[in-house]
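Work through the exercises below with the sequence and the model open. Each task is followed by a worked solution.

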6 protein chains.
Amino acid sequence: MTTTADRYPLPELTGLPDDIRERILAVQEKSGFVPNVFLKLARRPDEFRAFMTYHDALMLREGGLSKGEKEMIVVATSGANDCLYCVVAHGAILRILEKNPLIADQLATNWRKAALTPRQRAMIAFAMKVATASGELGDEDFSALHAQGFSDEDAWDIGAIAAFFALSNRMANLSGMMPNPEFYLMGRVPREKKG
Amino acid sequence: MTTTADRYPLPELTGLPDDIRERILAVQEKSGFVPNVFLKLARRPDEFRAFMTYHDALMLREGGLSKGEKEMIVVATSGANDCLYCVVAHGAILRILEKNPLIADQLATNWRKAALTPRQRAMIAFAMKVATASGELGDEDFSALHAQGFSDEDAWDIGAIAAFFALSNRMANLSGMMPNPEFYLMGRVPREKKG
Amino acid sequence: MTTTADRYPLPELTGLPDDIRERILAVQEKSGFVPNVFLKLARRPDEFRAFMTYHDALMLREGGLSKGEKEMIVVATSGANDCLYCVVAHGAILRILEKNPLIADQLATNWRKAALTPRQRAMIAFAMKVATASGELGDEDFSALHAQGFSDEDAWDIGAIAAFFALSNRMANLSGMMPNPEFYLMGRVPREKKG
Amino acid sequence: MTTTADRYPLPELTGLPDDIRERILAVQEKSGFVPNVFLKLARRPDEFRAFMTYHDALMLREGGLSKGEKEMIVVATSGANDCLYCVVAHGAILRILEKNPLIADQLATNWRKAALTPRQRAMIAFAMKVATASGELGDEDFSALHAQGFSDEDAWDIGAIAAFFALSNRMANLSGMMPNPEFYLMGRVPREKKG
Amino acid sequence: MTTTADRYPLPELTGLPDDIRERILAVQEKSGFVPNVFLKLARRPDEFRAFMTYHDALMLREGGLSKGEKEMIVVATSGANDCLYCVVAHGAILRILEKNPLIADQLATNWRKAALTPRQRAMIAFAMKVATASGELGDEDFSALHAQGFSDEDAWDIGAIAAFFALSNRMANLSGMMPNPEFYLMGRVPREKKG
Amino acid sequence: MTTTADRYPLPELTGLPDDIRERILAVQEKSGFVPNVFLKLARRPDEFRAFMTYHDALMLREGGLSKGEKEMIVVATSGANDCLYCVVAHGAILRILEKNPLIADQLATNWRKAALTPRQRAMIAFAMKVATASGELGDEDFSALHAQGFSDEDAWDIGAIAAFFALSNRMANLSGMMPNPEFYLMGRVPREKKG
């Protein structure tokens with residue numbers, strides 16, 4: 001184990017502020033476990049709340065991108081940032097949303113080889129530039145998005161998600177956040193139908 | 001002018017939600033002008049609120065770092081990310097807080113040449129690694145902070161500020177955010193005494 | 001789909017030289033499917049034979065590294081080379097050999113965060129330097145291996161595997177080699193016991 | 001303070017060769033202070049003379065570039081080379097020549113965001129390639145200059161200035177040359193008119 | 001001397017397997033000396049045989065590339081990988097094959113400055129991408145080859161040679177392989193005619 | 001041929017200023033040919049004179065470095081800058097000065113593999129940092145020189161030569177300067193004794 005994982009020990013649920021504990025319990029109810037990002041960040045309640053609010057503002061916003069497309073951006077840029085937690089946890093979400101057990105590993109390893117539509121390739125290319133060389137963004141990058149039917153509002157969505165996970169990836173790497181074992185398998189096998 | 005600066009036009013104050021307009025008016029009252037970051041982000045009220053809340057959670061938090069030291073982190077890492085807005089705007093804040101007209105240009109250009117204490121040098125070195133190669137962070141980076149008297153909570157503060165401005169720098173580069181002309185000169189000349 | 005995947009169409013088994021067809025049928029018998037690397041390379045029989053002979057000389061050689069450790073080297077360096085085929089296919093082999101469903105994703109994304117022993121960390125660090133900056137190898141790199149009990153013969157094994165997959169990764173990226181869908185799931189769930 | 005700044009102590013004016021002392025006194029007369037580059041280099045009189053002669057041959061030469069444009073090249077490429085002395089000292093000169101208090105910080109931080117004409121953008125792009133990747137220069141780089149009306153002689157001027165400051169930046173970083181405090185403020189505030 | 005050169009001592013010919021000793025003696029007969037690559041690799045007979053078989057499969061294959069063009073690929077990519085052995089040894093072969101005493105130093109130092117035909121420039125550009133960024137290969141790279149008359153089979157040849165020497169360069173750097181002094185001069189002076 | 005070589009045509013000797021023509025004729029007398037650097041730069045007489053004066057101030061200066069050691073710095077850093085002219089022309093000078101036909105190719109390709117003394121290795125390591133990352137120079141770099149017996153004046157010499165050839169390499173790449181064919185062979189074969 002990396003010792004950084006032990007550096008910021010996970011807090012007990014009982015000691016957390018009510019709103020945070022309730023959010024965590026709701027996630028646990030829905031997922032069957034508590035993703036480590038919630039516990040790692042909960043030790044700083046103000047930062048926890050801001051992080052979750054920002055996340056939801058971007059990821060739940062109605063707009064030109066589907067939820068699956070947003071997670072594609074997360075997985076590809078997190079791969080570029082060598083962020084184990086986000087690649088594995090958001091890889092799981094992506095597989096489930098897209099009902100595609102292969103897409104996450106493809107995007108995290110080499111998005112150019114992933115089975116994407118031309119529109120999605122343009123989206124990921126723009127997101128990767130925001131993630132790795134935002135200072136070089138120029139008109140030609142926006143034009144490449146427009147050519148695939150994206151609006152400037154879509155460009156903002158794409159870029160803002162890449163920007164938010166630039167933060168998120170760094171927090172995970174800083175805090176020694178390890179993905180819960182459950183994430184690795186989620187979305188890889190067909191769910192049993194409830195009968 | 002870069003056309004990206006025109007891509008996301010600044011909104012009119014009158015059309016903004018009350019809480020946002022009031023925050024902006026308060027800043028204007030205090031500073032004498034509205035920093036462009038407020039207007040650029042205000043077109044997306046939910047993201048605006050999350051951004052400002054997160055910023056305040058980190059930058060106003062009481063802890064082992066002074067306000068000036070926090071701004072040193074912002075200026076140095078924003079320089080590494082080629083973010084004009086943050087270098088100029090936070091450079092102004094840093095000069096004022098530190099009562100040092102030279103430090104911001106030094107940190108933005110080459111932090112190794114800046115007039116820093118050994119403690120501050122360790123702080124900036126850690127922040128720069130979070131900003132540019134967070135996937136390679138290891139025990140040796142935390143040890144270098146400890147050797148200068150920083151705690152793990154201080155390390156979180158340093159890293160989290162670098163992480164937040166990884167987001168902020170990308171939003172500025174994405175949205176074509178240009179620094180207000182007022183920032184360039186602030187903190188460079190002694191204030192006239194009132195009297 | 002990337003069009004490169006269609007550039008070098010897979011040959012029919014019936015048209016292949018006997019020795020190659022037999023090797024492929026043997027793999028199919030054992031694995032239940034034909035890994036694409038065999039079909040992609042089979043169109044050049046001489047190169048196919050040399051590739052497989054070299055692979056076996058390194059990966060089947062008795063020495064100081066276990067088979068699982070050798071696959072760790074493959075997965076980590078293939079991740080550094082953005083090679084989708086090798087990350088997914090050898091990730092499967094690694095999970096099976098190590099009976100560890102998590103290790104492959106960890107090594108492919110960020111080996112520094114993987115759950116490794118100090119000995120394995122030294123092994124991967126050396127392999128990564130061979131993969132990405134072999135011209136800078138020096139005595140200090142061999143000393144770091146020796147400190148973990150590795151001999152110079154082990155260093156050769158580690159480096160030679162990294163070198164062979166430098167070739168293999170490039171052939172996969174050149175030829176548009178896509179991982180068989182079966183690989184993505186292998187080793188992630190406990191095998192059903194045969195009764 | 002960085003100790004490198006103390007490594008090569010500044011010489012006394014009285015001990016310098018007559019021609020060098022006179023040049024320094026002339027600069028002091030004009031500027032009101034002696035820029036540190038003169039004192040740092042004066043300890044090696046032969047190198048001092050060659051440096052100044054070369055500088056003047058390029059920067060005072062009549063040709064297709066204005067003096068302000070030449071200083072734009074200096075500031076942008078010195079930013080890319082992390083040279084504190086040249087960014088601050090030539091930033092001052094640039095502000096004064098262009099009567100523009102903002103342009104130097106823009107060019108030093110991110111030239112793509114600077115308020116430049118298309119012609120100036122082409123000039124800076126060419127200079128940056130000479131500064132950072134001259135081995136990759138090709139016909140397409142000269143064509144981009146020609147498209148903005150630059151001649152091959154102008155290209156030589158642009159490239160030679162970038163090349164000279166590749167030398168200058170390295171000498172400043174080597175010798176621990178620190179900008180005089182006066183430079184930081186010059187050209188930022190309107191000069192008082194002499195009455 | 002670098003100590004790595006002493007790490008894997010060269011074996012005595014007498015102790016080698018017959019087939020390997022015979023191959024080495026044949027090379028010695030032809031060249032007048034034994035290139036160090038043969039002795040360095042011979043200590044691992046299985047790897048030696050696979051290496052030589054692979055080498056011959058690529059370098060002796062009849063196809064769209066001349067032997068001289070293949071060696072151009074070797075020298076340029078080995079230069080990019082900082083591989084002293086391959087630059088010097090294959091530089092000698094290239095000079096002899098092309099009857100050109102200048103081309104090897106040009107390609108090893110900066111292929112863009114080498115005296116090449118447009119077809120050869122396209123070939124080297126493709127090979128360099130395989131050598132240094134194979135994960136980014138795309139249709140545009142194949143199109144650039146097609147525009148110069150290369151087929152997809154030629155592209156495979158070019159890429160496979162670059163891939164094989166990615167392996168070879170790493171083995172040379174790993175094993176401390178030093179070029180025989182004879183190679184440095186070969187092909188630089190006209191051979192004396194035998195009378 | 002690269003067309004850049006034709007961009008700045010070489011001037012006729014007869015049209016050059018007397019002092020420049022005389023210097024060129026003196027070189028021709030001594031070497032048997034006119035190195036292209038003299039002709040390329042002669043079209044700008046002021047720059048020519050400053051370049052040669054600077055060159056001589058560094059390369060002819062008496063100090064702690066031998067002439068051969070100075071040329072080692074030139075060849076290694078010019079290799080890092082992909083400068084064909086300087087690698088080939090100064091490689092020739094280095095071979096002659098050191099009476100070593102192998103050292104230039106070693107230093108240009110991979111200085112870590114070159115047959116150097118520990119003192120020379122420290123010298124080249126320092127020079128390479130000045131050439132490629134001068135902004136990161138720190139006390140530890142000077143200490144590494146001191147440990148090998150170099151003084152601060154020696155450090156200046158090493159760094160200043162690396163800095164001057166940072167200029168020179170860029171001028172060669174800018175102007176399409178091609179090495180004279182004579183340089184490639186010089187110093188590789190023992191001179192015939194004059195009888």
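**Exercise 1. The interface of chain A and chain B**

How many residues of chain A are in contact with chain B, and how many of chain B with chain A?

Solution. The model is predicted, so local features need pLDDT of at least 70 and side-chain atom pairs count only at pLDDT 80 or more, while totals for chains, interfaces and linings use all residues; side-chain values use heavy atoms, with hydrogens and water left out. Residues are numbered from 1 along each chain as its sequence is written, and chains are lettered from A and ligands numbered from 1 in the order in which they are written.

Step 1. Contact means heavy atoms within 4.5 Å. By that rule, 44 residues of chain A touch 44 residues of chain B.

Step 2. Take the buried area, which is the accessible area (1.4 Å probe) that two parts lose on being put together, summed over both. Between chain A and chain B it is about 4000 Å², and carbon and sulfur atoms give 61% of it. On the chain A side, the most area is lost by Y54(A), W156(A) and R170(A), together 21% of what that side buries.

**Exercise 2. Polar pairs and the helices behind them**

Find how many salt bridges cross the interface of chain A and chain B, then list the helices of chain A that touch chain B.

Solution. Step 1. A salt bridge is a side-chain nitrogen of Lys or Arg within 4 Å of a carboxyl oxygen of Asp or Glu. The rule finds ten across this interface. One of them pairs R43(A) with E153(B), with the closest N and O atoms 2.2 Å apart.

Step 2. A polar contact is a pair of N or O atoms within 3.5 Å; within protein, one must be able to donate a hydrogen and the other to accept it, and residues adjacent in sequence count only if both atoms are side-chain atoms. Between chain A and chain B, 18 residue pairs (both at pLDDT 80 or more) are in polar contact.

Step 3. Helices are DSSP runs (H or I, at least four residues), numbered from the N terminus. At least two residues each come from α1 (4–7), α3 (36–42), α4 (45–59), α8 (118–133), α9 (139–146) and α10 (152–175) of chain A. The most comes from α10(A), with 17 residues.

**Exercise 3. Symmetry of the pair**

Which rotation superposes chain A on chain B?

Solution. Step 1. Superpose by least squares on the C-alpha atoms of residues with pLDDT of at least 70 in both copies. A rotation of 180 degrees, with 0.0 Å of shift along its axis, brings chain A onto chain B at RMSD 0.0 Å. The two copies are therefore related as by a two-fold rotation axis.

Step 2. Of the interface residues of chain A, 100% are also interface residues in chain B, so the copies meet through the same surface.

**Exercise 4. Two histidines**

Is H55(C) buried or exposed? Answer likewise for H90(A).

Solution. Step 1. Buried means under 20% relative accessible area, exposed over 50%, partly exposed in between (1.4 Å probe, protein chains only). H55(C), at 18%, is buried. H90(A) also counts as buried, at 10%.

Step 2. H55(C) sits in helix α4 (residues 45–59) of chain C. Its side chain makes a polar contact of 3.1 Å with that of D56(C). Neighbours within four places in sequence aside, H55(C) is in contact with L60(C), H90(C), F164(C) and F165(C).

Step 3. H90(A) belongs to helix α6 (residues 84–98) of chain A. With neighbours within four places in sequence left aside, the contacts of H90(A) include H55(A), E71(A) and F165(A).
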